[in-house]
Amino acid sequence: IITRMKKIFSLFAIALFAMSAVAQPTALPTDPTYPANQVKAVYSATYKANCNFGEWGSGTQYTQETYGKKFVTTNLGYFGLEFSGLNCSKMEVLHLDVWSAASFSMGIVPIHGAAEVRVTKDVVGGQWNAIEIPLSAFEGVTNWTNVYQIKIDNVPNQTLWLNNIYFYTNVTPTIVDENTDLTSLTPGTCDLTLIRNFVMDGDWNTICLPFALTADQVKEVFG
């Protein structure tokens with residue numbers, strides 16, 4: 001009887017080990033396909049973007065793993081992603097891929113210097129969840145010119161992986177350079193990318209634009 005109980009216990013231990021071994025993603029989520037000029041990336045190998053982990057006193061633990069950033073939260077249930085300020089004023093959607101063995105809901109809060117607004121999304125366990133949040137869902141947020149953190153909250157005692165975190169727009173920018181026939185463009189409002197070649201001959205280079213630029217736009221392009 002003792003020998004049989006030992007065998008049963010051994011099988012039970014093996015089963016528990018097998019369950020814990022598969023409680024993680026076994027593949028990467030689907031690669032993003034948006035062109036880089038339509039994206040403001042926070043964390044993504046596709047867009048060569050990375051971010052820092054903000055524990056913010058929550059006790060959440062973080063590791064970088066093969067299939068993304070792994071977070072193990074405490075009963076406080078929050079953590080942050082920190083990155084250089086992104087001008088997301090032309091973006092339309094926040095995307096992030098989330099994997100967890102268990103189903104749960106999570107709060108997502110972009111931080112931009114004004115009042116914080118949370119959107120809560122459900123996560124289905126055992127698969128990658130492609131979460132898409134229109135920026136209009138963050139009600140009351142009108143200035144997206146300097147997003148520098150994203151807080152994840154309301155996730156007590158969870159283990160989850162994050163990947164492909166980025167803002168994007170479906171609007172394809174119009175690209176012009178010195179050889180573009182401007183008369184071929186349709187008058188009106190558009191998202192314009194200007195390619196201008198500068199000559200290093202010790203003299204000033206002048207750019208004449210048929211539209212105004214704000215100070216924030218000049219700073220984003222020229223630093």
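Reply: Rings of Phe, Tyr and Trp (its six-membered ring) pair if their centres lie within 6.5 Å; planes under 30 degrees apart count as stacked, over 60 as edge-to-face and the rest as tilted. A pair of aromatic rings is described by the distance of the centres and the angle of the planes. In this structure there are 11 aromatic pairs. One of them is the stacked pair of F53 and Y62, with 5.2 Å centre to centre and 25 degrees between the planes. The model is a predicted one, in which local features need pLDDT of at least 70 and side-chain atom pairs count only at pLDDT 80 or more, while totals for chains, interfaces and linings use all residues. Residues are numbered from 1 along each chain as its sequence is written, and side-chain values use heavy atoms, with hydrogens and water left out.

Me: What are the relative accessibilities of F53 and Y62?

Reply: Burial is judged by relative accessible area: under 20% is buried, over 50% is exposed, and partly exposed lies in between (1.4 Å probe, protein chains only). F53 has 24% relative accessibility and therefore counts as partly exposed. Y62, with a relative accessible area of 29%, is partly exposed. F71 and F79 also form a stacked pair, at 4.1 Å centre to centre and 10 degrees between the planes. Both F71 and F79 are buried. Elsewhere, Y34, Y47, Y166 and Y168 make up one aromatic cluster.

Me: How many helices and strands does the chain have?

Reply: Helices (H or I, at least four residues) and strands (E, at least two) are DSSP runs, numbered from the N terminus. By that reading the chain has two helices and 13 strands. Of its 223 residues, 34% are buried. Contact means heavy atoms within 4.5 Å. Among contacts between residues at least 6 apart in sequence, 68% join residues at least 24 apart.

Me: In what order do the strands of the open sheet stand?

Reply: Strands of a sheet pair through backbone hydrogen bonds, either parallel or antiparallel. Two strands are taken as paired if DSSP finds at least two bridges between them. Here an open sheet of five strands runs in the order β2-β5-β10-β7-β8, with antiparallel pairing. The edges are β2 (52-54) and β8 (119-123); each has a single partner strand, so one side of each is left without a neighbour in the sheet. Neighbouring strands of this sheet are turned by 30 degrees against each other on average, direction ignored; the axes are lines fitted to C-alpha atoms, for helices over the stretch in contact, and angles run from 0 to 180 degrees between N-to-C directions. Within the sheet, β5 (residues 78-86) and β10 (residues 147-153) run antiparallel and are joined by six bridges. F79 has I152 as its bridge partner in β10.

Me: Which residues of β6 point one way, and which the other?

Reply: In a regular strand the side chains alternate between the two faces of the sheet. In β6, V93, H95, D97 and W99 point one way, L94, L96, V98 and S100 point the other way, and all are buried. Because eight of the eight residues of β6 (residues 93-100) are buried, the strand is largely enclosed by the rest of the structure.

Me: Which strands pair with β6?

Reply: β9 (residues 127-134) pairs with β6 in the antiparallel sense over eight bridges, and H95 stands opposite E132 in β9. β11 (residues 159-168) also runs antiparallel to β6, joined by six bridges. There W99 has W161 as its bridge partner.

Me: Which backbone oxygens lie by the side chain of S100?

Reply: A polar contact is a pair of N or O atoms within 3.5 Å; within protein, one must be able to donate a hydrogen and the other to accept it, and residues adjacent in sequence count only if both atoms are side-chain atoms. A polar atom of the S100 side chain lies 3.2 Å from the backbone oxygen of A102 and 3.0 Å from that of T159. S100 has 1% relative accessibility and so counts as buried. Beyond its neighbours within four places in sequence, S100 is in contact with residues including V124, Q127 and L160.

Me: How many disulfides does the structure hold?

Reply: A disulfide is a covalent bond between the sulfur atoms of two cysteines. The criterion is a pair of cysteine sulfur atoms within 2.5 Å, and the structure holds zero disulfides. C51 is buried at 7% relative accessibility, and C88 is buried with a relative accessible area of 1%.
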